[in-house]
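Q: Please pick one residue and give me a close look at it. I'd also like to see how the whole chain is put together around it.

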Amino acid sequence: MEKGLLIVVSGPSGAGKSITCKRVLEKRPEIQLSVSCTTRAPRTGEVDGENYFFLSDDEFNARVAKQMFLEHAEYLGKQYGTPKDYVFQMINQGKDVILEIEVQGALMVDECCPEAVLVFVLPPSLAVLEERLNMRGTETEEQTRRRLEKAKTELELLNRYDYVIKNDEIDNAADQIIDIISAEKCAVKRNLHLTRRLKEGETIV
């Protein structure tokens, strides 16, 4: 059985990563979403186990000590991590998995899983990014300012990614991610085994 793809979607806070990934899953329900763990409080409408697993600091640190995360990082004073077992189990079953995580965590995944496909989501502008953050109504003016400053730093890391999409329209952004997945499945580096199978007389279907 061929392994599935690991697709890492990240970018600045407020770029629209979550809603874009949600739309990808609506269009392609066979793709799996890995639910991350975090120590931040739930935002309005977020559901434990669906948007995130919301953990206390002690619970999170205990899982770090047991090496239960594929990656984990601190972002503006809160911790985030990707459960390791679920991701590898799905990939080994041939299922494609999307990780919607922070930039720092994405680069950690790239270090340990070089076969991962990294996608950076850009907002149309920093002004739009600020507007989206303010619309949440969950952060203070100081927290919003810190997120904007963090975003400027994260933009400098764009060259560490494989693909970039501009998220000015959700359906278009989701379609671009789906197109990236399709293109990666046709990449030569992922299909070198096909020449061996042909030489051995197999029919490729």
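A: Let's start with the radius of gyration, which is taken over C-alpha atoms, with a globule rule of 2.2 Å times the number of residues to the power 0.38. For the 205 residues here, that rule gives a value near 17 Å for a compact globule, and the chain has 18 Å, so the two agree. Bear in mind that this is a predicted model, where local features need pLDDT of at least 70, side-chain atom pairs need 80 or more, and totals for chains, interfaces and linings use all residues. Numbering runs from 1 along each chain as its sequence is written, and side-chain values use heavy atoms, leaving out hydrogens and water.

The C-alpha atoms fill a box of roughly 65 × 40 × 30 Å along the principal axes. Inside it you'll find eight helices and nine strands (DSSP runs numbered from the N terminus: H or I of at least four residues, E of at least two). Of the 205 residues, 41% are buried (under 20% relative accessible area with a 1.4 Å probe, protein chains only).

Now zoom in on Glu102, in the loop between β7 (97-100) and α4 (103-112). Leaving aside residues up to four places away in sequence, Glu102 touches Ser10, Gly11, Lys17, Tyr75 and Tyr80 (contact means heavy atoms within 4.5 Å). Glu102 is buried, yet it has no salt bridge (a side-chain nitrogen of Lys or Arg within 4 Å of a carboxyl oxygen of Asp or Glu). Its nearest side chain of opposite charge is Lys17, 4.5 Å away (Lys and Arg count as positive, Asp and Glu as negative; His and chain ends aren't counted).

Technical notes
Buried means under 20% relative accessible area, exposed over 50%, partly exposed in between (1.4 Å probe, protein chains only).
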